[in-house]
Amino acid sequence: MSVNSESVSASASSPSSTEVGAPLVNRKVLSQDVPESESRPRIMHRWAIRRASQRVLCAAIPKEEWPRVVRCGWSMGALVSLLGQEGRTSWSGIEHCNSLWACPICSARIREGRRNEIQEGFERSKKLGWSAFFVTFTVPHTIDTPLDQSLGAIREAYARMRRYSSLRDFWSAVEGVIKATEIQVGNNGFHPHLHCVYFTRESSIDEAALKRSWARAVVKAGLARPSETVGVVVKEATSSGISNYLTKIQENKISLELTRSDLKRGRVNDESGSSWHCSPFDLLDPDIELPISMAQRQRLWVDYVRATKGVSAIRWSKGLKKKLSIGEVSDDDLGALDPNEVEAQLVFLRKEYQRLFKDSPELLAKAQQLFAAQRYEEVLNLGIGELILDDGSNLPDTDSATYSDPWESVA
Ligand SMILES: [Zn+2]
């Protein structure tokens with residue numbers, strides 16, 4: 001467990017101003033948020049999904065096997081603080097589970113930080129004259145394929161492919177790879193797949209050899225043969241064209257695609273409603289309509305959390321960060337604000353925070369939402385904690401004339 005902070009949102013980084021080899025400065029505040037696309041407040045939504053995840057897992061799993069997300073958000077010290085700076089927020093004095101799979105709050109914070117790293121990696125690789133290829137690997141599955149089996153098959157098939165002589169030239173030109181595992185779920189069961197960005201010295205890759213090798217490796221790993229068209233999808237950008245490529249797929253979508261699977265929304269694909277897919281977080285979201293019962297959705301969630309235990313979501317190959325002068329930052333440090341350099345703090349005694357976390361988490365979520373909007377003084381209307389602004393003023397609590405149910409806008 002970690003005692004750090006959690007961040008949502010952020011100001012834009014400026015990778016174009018980063019020189020190759022330049023040290024990364026102030027990495028903790030490098031973060032670029034995605035515009036809030038849903039009508040409901042994103043932060044409150046994440047709190048609600050985390051609470052749902054905790055409840056479902058506590059009920060379904062013996063206490064001694066509870067995953068870390070169950071304790072995420074619990075207080076750790078005598079004081080708990082919500083910190084706010086220029087639209088970014090973080091918590092200090094609480095536990096963070098750091099689960100990219102099971103916790104929507106930690107997932108958003110960590111994925112956003114990793115996305116910025118990848119974006120910088122692209123910028124720097126471009127200056128080194130490398131090419132980049134975005135490759136997606138999928139495996140065939142059915143409703144009866146357990147997720148741990150398909151995840152294991154992906155891992156095994158990829159390892160096998162590393163040894164194939166038919167890909168010797170490909171691997172020898174690869175300077176490094178960033179691998180991101182993503183999982184969707186739908187009427188055909190869990191759909192795990194692998195997104196990879198290969199940084200190479202070559203301006204092309206043998207796509208046909210890659211497809212043949214993946215198909216062979218997947219069969220060896222125990223699954224059916226992937227189709228030629230779907231099993232491996234390659235998108236290419238030459239070294240000189242990377243910036244065009246990134247511009248074309250707006251909003252740094254390559255790094256989004258790699259890291260922010262938590263932002264993808266579920267959908268039903270046909271009128272009969274029998275064909276559907278969604279992100280695992282959507283399983284717990286009652287606003288996302290799916291043609292299966294909530295009990296079935298919760299069972300899928302438990303299966304998913306169990307199967308992803310210990311699975312790495314985003315990984316850089318050894319030595320790649322060093323080649324691109326990207327520093328190592330722990331999950332704990334991603335998005336952490338410095339309490340000495342924030343515009344506002346909302347400070348709680350442990351006992352008050354614990355009571356709120358247990359009985360009225362929507363008030364804590366609402367406070368964070370207001371901090372993210374830099375509407376600090378409106379927090380006084382919630383009547384919780386002690387607000388301290390950066391001018392040192394200690395504003396008094398006020399009775400709320402405008403108070404409304406904080407969960408109202410989530411429903
Ligand atoms: Zn968490």
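A: A residue is called buried when its relative accessible area is under 20%, exposed when that area is over 50%, and partly exposed in between. The model is a predicted one, and of the 411 residues of its chain 55% count as buried.

Q: Why is Asn98 called buried?
A: The relative accessible area of Asn98 is 15%, and the cut-off for buried is under 20%, so Asn98 is classed as buried. Asn98 is found in the loop that lies between strand S4 (94–96) and helix H2 (104–127).

Q: What makes the phi of Asn98 worth a remark?
A: Most residues other than glycine have a negative phi. Asn98 is not a glycine, and yet its phi is positive, at about 55°.

Q: Why are H1 and H9 called roughly perpendicular?
A: Two packed helices are described by the angle between their axes and the distance between the axes. For helix H1 (residues 42–60) and helix H9 (residues 294–308), the angle is about 80° and the axes are 10 Å apart. Roughly perpendicular covers 65 to 115 degrees, and H1 and H9 are therefore given that name. Ser53, Val56, Leu57 and Ala60 of H1 make the contact with Gln298, Trp301, Val302, Val305 and Arg306 of H9. Sorted by class, the residues in this contact of H1 with H9 are 6 nonpolar, 2 polar and 1 charged.

Q: What span should H5 have, and how far apart are its end C-alpha atoms?
A: Helix H5 (residues 207–220) has 14 residues, which at 1.5 Å a residue should span 20 Å, and its end C-alpha atoms are 20 Å apart, so the two values agree. Buried in H5 are Ala209, Leu210, Lys211, Ser213, Trp214, Ala215, Ala217 and Val218. Just after H5 comes Gly222, with a positive phi of about 105°.

Q: What makes strand S7 mostly covered, and which strands pair with it?
A: Of the 12 residues of strand S7 (residues 189–200), 11 are buried. The cut-off for pairing is at least two bridges; strand S5 (residues 131–138) is joined to S7 by 8 bridges and runs antiparallel to it, while strand S6 (residues 174–186) pairs with S7 in the antiparallel sense over 12 bridges. Phe133 has Tyr198 of S7 as its bridge partner, and Val185 has Phe190 of S7. S6 is joined to S7 by a hairpin of 2 residues.

Q: Why are S3 and S13 said to stand at the edges of their sheet?
A: The sheet is an open one of 4 strands, in the order S3-S2-S12-S13, with antiparallel pairing. Strand S3 (88–92) and strand S13 (386–389) each have a single partner strand, so one side of each is left without a neighbour in the sheet. On average, neighbouring strands of this sheet are turned by 20° against each other, direction ignored.

Q: How do you know that S2 and S12 pair?
A: Strand S2 (residues 79–85) and strand S12 (residues 344–349) share 6 bridges in the antiparallel sense, against a requirement of at least two. Ser81 has Val347 of S12 as its bridge partner. Helix H11 (residues 350–359) packs on this sheet, where it touches S2, S3 and S12, and its direction makes about 90° with that of S12.

Note on methods:
Residues are numbered from 1 along each chain as its sequence is written. This is a predicted model: local features need pLDDT of at least 70, side-chain atom pairs count only at pLDDT 80 or more; totals for chains, interfaces and linings use all residues. Side-chain values use heavy atoms; hydrogens and water are left out. The expected span of a helix is 1.5 Å times one less than its number of residues. Buried means under 20% relative accessible area, exposed over 50%, partly exposed in between (1.4 Å probe, protein chains only). Axes are lines fitted to C-alpha atoms, for helices over the stretch in contact, and angles run from 0 to 180 degrees between N-to-C directions. Contact means heavy atoms within 4.5 Å. Angles under 35 degrees count as roughly parallel, over 145 as roughly antiparallel, 65 to 115 as roughly perpendicular and the rest as oblique. Ala, Val, Leu, Ile, Met, Phe, Trp, Tyr, Cys and Pro count as nonpolar, Asp, Glu, Lys and Arg as charged, and the others, Gly among them, as polar.
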